[in-house]
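Q: Hey, can we go through this one together? I'd like to ask things as they come up.

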Amino acid sequence: MRKVGVVSIVVLALAVLLTLTGCTDRFQPKAPRALFAVKPAEGIAPLVVTFDGSLSFAENGKIKEYVWDLGDGSQSVGPIVSHTYTRGGTYRVTLEVFGTDGRSARRTTEVVVRHPNPTASFTFSPGRPATGERVHFDGTASESPNGKIVDYRWSFGDGNWSGEGSKVQHMYWAGRTYTVTLTVTDEADQKDSITKTVEIVGGTPCQGA
Amino acid sequence: MRWTVVALVAAVVAVPAWAGSLTVGSGVQWFAASFTDLADYVKDTNRTIDYVNELADVSGRVPSVPLLRGGFGVVIAQAVGRPVGIGGQLLMLKGGVSTEGRWQQAGETFPVALSLDLGMLAGLAQVTLSFANGLLNISLAGGLGMAWLNHSCQFSLPGGWDLPFQPLSETREYRAQGFVGAAGVRALLPLRQGLSLGTEAGLRFAPFGVPKADGDPLDLAQDGIGDRLSFDGLWVGVSVSLTFDL
């Protein structure tokens, strides 16, 4: 019976030892969990995004610090932060939380900010051109919040010719109303178009001759 | 693997040497295991559920997922010899948790149904030391096992907030294989000639690593680190055994 007792004690001691050291991690320190919510996760610039990291938790203590990498080179701290993305792009946002025991955890998500469209605009002169008269089109009033306008494409409505450049000239050879369209493209490859009508006065030049 | 085969062969070859008695038995167990990685997933999920439950523009409620702490199992065993017996056992463990509910927002319904069902099947070679005329047994067992985890999840999130962590909507079975070892103590209460009722307790080692489904590792926590499935832990159980003199 003495042997039985010794063996039983050894087995139980072994069980307790293994339980405490490796069989269960109940007594081991655990890293906090980084969880957060985003609103909205996508939209058009300028986009104000709110990040709520209050979902994060630490089993062994509390969250001591919330550090946000907002993906556009800026950082912020605190459980709930707001940030404005002024330019389009996909931003990787990371929350890193630190527990009171010094352990940390992080989680990353993406915020998709779509580029706003440029605004196409043009003027032409003279206001009532005649057939065979040179008409000046000026698209330099077009603008984009994404940067420069890199491409101007004109459609003059007479089916014969299209032009490029911010300022172009064109002559019409028949008296009627034409639909002129300017399409601009900006640095972010965003496009916008505007259409105006141009009334050409008079008949064909040969009729006048 | 090699040692398991050696143990099984030894068990068969050694029968004549120990063939003083044959004991067969079966039992039921309750086992405790921490399922650490799955617990992280459940805690993250519950935190997410709590967050949505508390959103002002969302009605309805989804209950939290209970923490996985263990389950039940059945075992059948056979051993020959006394006071040193050798034999084998077949062990099956099962456990699981689930939740179900729905949220409403602006007249739209967002159902949630999540269940985790896991289990383990193992064949073990076993050595038993008997004391006190067989009333107290200490056993060591080792063998191979297969574990599985069925993850079934439908998680619809109301609009507004976007949550980087959401439970994966999927229905998949993840599987893993690995070594299983156990050490246990059993006390027997003789009921009549050859028939005994036993109570037992022990410690099990069953680390299965990261299970896979179609080659994809289990990563329910979505942290890029595979979720390990382990049945390591303690168990207690009751058993009935029959002993025959050979």
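Q: Which residues is Val180(B) in contact with, leaving aside its neighbours within four places in sequence?
A: This is a predicted model, so everything here is computed. In it, Val180(B) is in contact with Ala122(B), Leu124(B), Gly143(B), Leu144(B), Gly145(B), Phe205(B) and Ala206(B), once neighbours within four places in sequence are left aside.

Q: Where does Val180(B) lie?
A: In strand E7 of chain B.

Q: And is Val180(B) buried or exposed?
A: Val180(B) is buried, because 27 other C-beta atoms sit within 10 Å, and the cut-off for buried is 20 or more.

Q: How far apart are Val180(B) and Met146(B) in sequence and in space?
A: They are 34 residues apart in sequence, and 9.1 Å apart in space, going C-alpha to C-alpha.

Q: OK, on to the core. Which residues of the largest nonpolar core touch the most other members?
A: That core has 46 residues, and the ones touching the most other members are Met120(B), Leu124(B), Ala147(B), Leu149(B), Leu229(B) and Phe231(B).

Q: Which elements give two or more residues to this core?
A: In chain B, they are helix H3 (36-53) plus the strands E3 (70-80), E4 (84-105), E5 (108-131), E6 (136-155), E7 (170-192) and E11 (233-245). E5(B) gives the most, with eight residues.

Q: Why would nonpolar residues gather like that?
A: As a general rule, in soluble globular proteins nonpolar side chains tend to be buried together.

Q: Back to Phe231(B). What does Phe231(B) touch?
A: Not counting residues up to four places away in sequence, Phe231(B) touches Ala33(B), Leu93(B), Met120(B), Ala147(B), Arg204(B) and Ala206(B). There's also a second, separate core of 23 residues, which includes Phe36(A), Phe51(A), Ala58(A) and Val97(A).

Q: Let's look at H3(B). How many residues does H3(B) have, and how far does H3(B) reach?
A: H3(B) has 18 residues and reaches 25 Å from its first C-alpha to its last, which is close to the 26 Å expected at 1.5 Å a residue.

Q: Which residues in H3(B) are buried?
A: Asp37(B), Leu38(B), Tyr41(B), Val42(B), Asp44(B), Thr45(B), Thr48(B), Ile49(B) and Val52(B). They're on the same side of H3(B), because they cover an arc of only 160° around the axis.

Q: What do the buried residues of H3(B) pack against?
A: They pack against E4 and E5 of chain B.

Q: Which peptide bonds are cis in chain A?
A: One is the bond from Lys39(A) to Pro40(A), with omega near -10°. Pro40(A) is in the loop between strand E1 (37-39) and strand E2 (42-44) of chain A. Another joins Ser125(A) and Pro126(A), with omega about 0°. Pro126(A) lies in the loop between strand E9 (123-125) and strand E10 (134-138) of chain A.

Q: Lys39(A) again... what is Gly160(B) in contact with?
A: Leaving aside neighbours within four places in sequence, Gly160(B) is in contact with Lys39(A) and Asp57(B). Gly160(B) is found in the loop between E6 and E7 of chain B, and it counts as partly exposed, with 15 C-beta neighbours inside 10 Å.

Q: Last topic: what's the secondary structure of chain A?
A: Two helices and 15 strands. Of the 209 residues of chain A, 26% count as buried.

Q: And which domains does the assignment give chain A?
A: Domain 1 (29-114) and domain 2 (123-203). Their C-alpha centres lie 47 Å apart.

Terms used: Residues are numbered from 1 along each chain as its sequence is written. Chains are lettered from A and ligands numbered from 1 in the order in which they are written. This is a predicted model: local features need pLDDT of at least 70, side-chain atom pairs count only at pLDDT 80 or more; totals for chains, interfaces and linings use all residues. A nonpolar core is a set of buried Ala, Val, Leu, Ile, Met, Phe, Trp, Tyr and Cys residues joined through C-beta atoms within 7 Å. A residue is buried if 20 or more other C-beta atoms lie within 10 Å of its own, exposed if 12 or fewer, and partly exposed in between; C-beta atoms are placed from the backbone. Helices (H or I, at least four residues) and strands (E, at least two) are DSSP runs, numbered from the N terminus. Two residues are in contact if their C-beta atoms, placed from the backbone, lie within 7 Å. The expected span of a helix is 1.5 Å times one less than its number of residues. The arc is that of the directions from the helix axis to the C-beta atoms. Domain bounds come from an automatic or database domain assignment.
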